Amino acid sequence: MSEHHTHPSVENPVAPSGDTVRVERAAAEPERASRGSGLMGGSFGRNLGLVLALLVICAVGVVTAGDRFASVDNLVTILRLASITGVVSIGMTFVITGGGIDLSVGAIVALASVWATTYATQSMANDTSWLLLVFAALAVGAACGLVNGVLIAYGNVVPFIMTLATLASARGLAEIISERRTQIVPSPDLPDTDGIQGFRDFWTADVLGVPLLVVIFALVSVAGWFLFNRTTFGRRTLAVGGNPEAARLAGIDVRRHTVLLYVLVGLCCGLAALMFIARTSTGSSTHGTLLELDVIAAVVIGGTLLTGGRGTIVGTVIGVLIFSTLSNVFVLNNQDASTQAVAKGLIIVVAVLLQQRLARRSTTT
């Protein structure tokens, strides 16, 4: 799979009218650093390095945990645990590539899960269809993303501040709605839960032995890759993140595109909330706690620049698998959560330092 990895090379931002396509294509051109450093200096080299890092972690897991790590059941568990973080990470890749950031994704997941399961416990879905639960979660996610996007794009609120405020508000609203109690999805064995049973049957199903949650992660990844690399939307995301003023002068509606990016990650949060409900049969204001840390870390590890203008869906997917596998190795070796947090922090620092080095190299070639 080819990826887009460059800032738009627009020297004169006062581009003639009608140059939108030219600017988008400039933003989407493959990185030219490979002309001087060869294939290994481009996206292939970065992704290969990530794959090697993943293989090293797997080797450590095999050596330290043996069959407990190498079993098929454990590998499926790793993929299932990676699926929720992965879906949100795909949306976050678009936002960060577009020059923004979203710290509220974990709180949005919590609010969407509580909202959807409140519908369930009030038997509203039983009287209609379990699809109402799906619609409720996706609508809450999209609405939160819309609020973030509008206030950032049209209110000129700094993304960090805006999404930090949404983080606090959404988490607080989830606690108010749930009264700080876990909302349990009724068991399908109960006589009055026929509507919910359809929800549980669908989300807990397997496809050729692969859990549906993993299949959804794969489908979202493929859709994200296509949207990022093969559509005008992806090219505009690169242009907006690389040089928003040049993109605006070239005819791109930067504000509207920014709103769409935050709505997109909001929809991903709504989908992740449904996956949380399917995995735990509950909705809770604690769902998604610190999810934003794992998501941003996976995106950065994958090679997306925090300053915007360069991103990679393939790298993000590998980054998610690296963190999921690393957490699994820690758990199998009875390491506590604090040790995992320290390790993740160190990995993020190393990734950012490598990003800065690559950025300096690309500007000198």
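Good morning, colleagues. What I present is a predicted model, in which local features need pLDDT of at least 70, side-chain atom pairs count only at pLDDT 80 or more, and totals for chains, interfaces and linings use all residues. Residues are numbered from 1 along each chain as its sequence is written, and side-chain values use heavy atoms, with hydrogens and water left out.

Let me stay with H15, residues 291–301. Its buried residues include Leu291, Glu292, Val295 and Ile301. Just after H15, Gly303 takes a positive phi of about 110°. Helices in this talk are DSSP runs of H or I with at least four residues, strands are runs of E with at least two, and both are numbered from the N terminus.

The next helix for us is H16, residues 313–332. H16 is mostly covered, with 18 of its 20 residues buried. At the start of H16, a side-chain oxygen of Thr312 comes within 3.5 Å of the backbone nitrogen of Val314. After H16 comes Asn334, whose phi is positive, near 60°.

I now turn to the largest pocket. How much space lies in it? The figure is about 660 Å³. Of the 23 residues that line this pocket, Thr85, Asp294, Ser327, Gln340 and Lys344 are the closest to its centre. A pocket is defined on a 1 Å grid over the protein atoms alone, as an open set of points where a 1.4 Å probe fits, with protein on both sides within 12 Å along at least five of seven lines; lining residues have an atom within 4 Å of a point. Its volume is the space filled by probe spheres set on the points.

Which helices supply at least two residues each of the lining? They are H5 (72–97), H14 (254–280), H15, H16 and H17 (337–364). The largest share, six residues, comes from H16. By type, the lining divides into twelve nonpolar, eight polar and three charged residues. Nonpolar covers Ala, Val, Leu, Ile, Met, Phe, Trp, Tyr, Cys and Pro, charged covers Asp, Glu, Lys and Arg, and the others, Gly among them, are polar.

In H17 we also find Val352, which is partly exposed, with a relative accessible area of 25%. Val352 and Leu306 are 46 residues apart in sequence, yet their C-alpha atoms are 8.6 Å apart in space.

Next, the salt bridges. A salt bridge is a side-chain nitrogen of Lys or Arg within 4 Å of a carboxyl oxygen of Asp or Glu. How many does a search of the whole structure find? The search finds three. Arg248 pairs with Glu245, the closest N and O atoms being 2.6 Å apart. These two residues are three apart in helix H13, residues 244–249, and so are separated by about one helical turn. Arg248 is partly exposed at 46% relative accessibility, and Glu245 is partly exposed at 39%.

Arg181 forms a salt bridge with Glu179, with closest N and O atoms 2.6 Å apart, and both residues are exposed. Glu175 forms a salt bridge with Arg180, where the corresponding distance is 3.4 Å. Glu175 is partly exposed at 27%, whereas Arg180 is exposed at 65%.

Most residues other than glycine have a negative phi. Arg180, in the loop between H9 and strand S1 (183–184), has a positive phi near 60°. Asn156, in the loop between H8 (131–153) and H9 (159–178), likewise has a positive phi, near 55°. Asn156 is exposed, with a relative accessible area of 58%.

Finally, consider Thr231. Is Thr231 buried or exposed? At 17% relative accessibility, Thr231 counts as buried. Thr231 lies in the loop between H11 (212–229) and H12 (232–242), and a polar atom of its side chain is 2.4 Å from the backbone oxygen of Leu227.

Conventions: Buried < 20%, exposed > 50% of the residue type's maximum accessible area, 1.4 Å probe, protein only. Polar contact = N/O pair within 3.5 Å; in protein donor to acceptor, adjacent residues only side chain to side chain.
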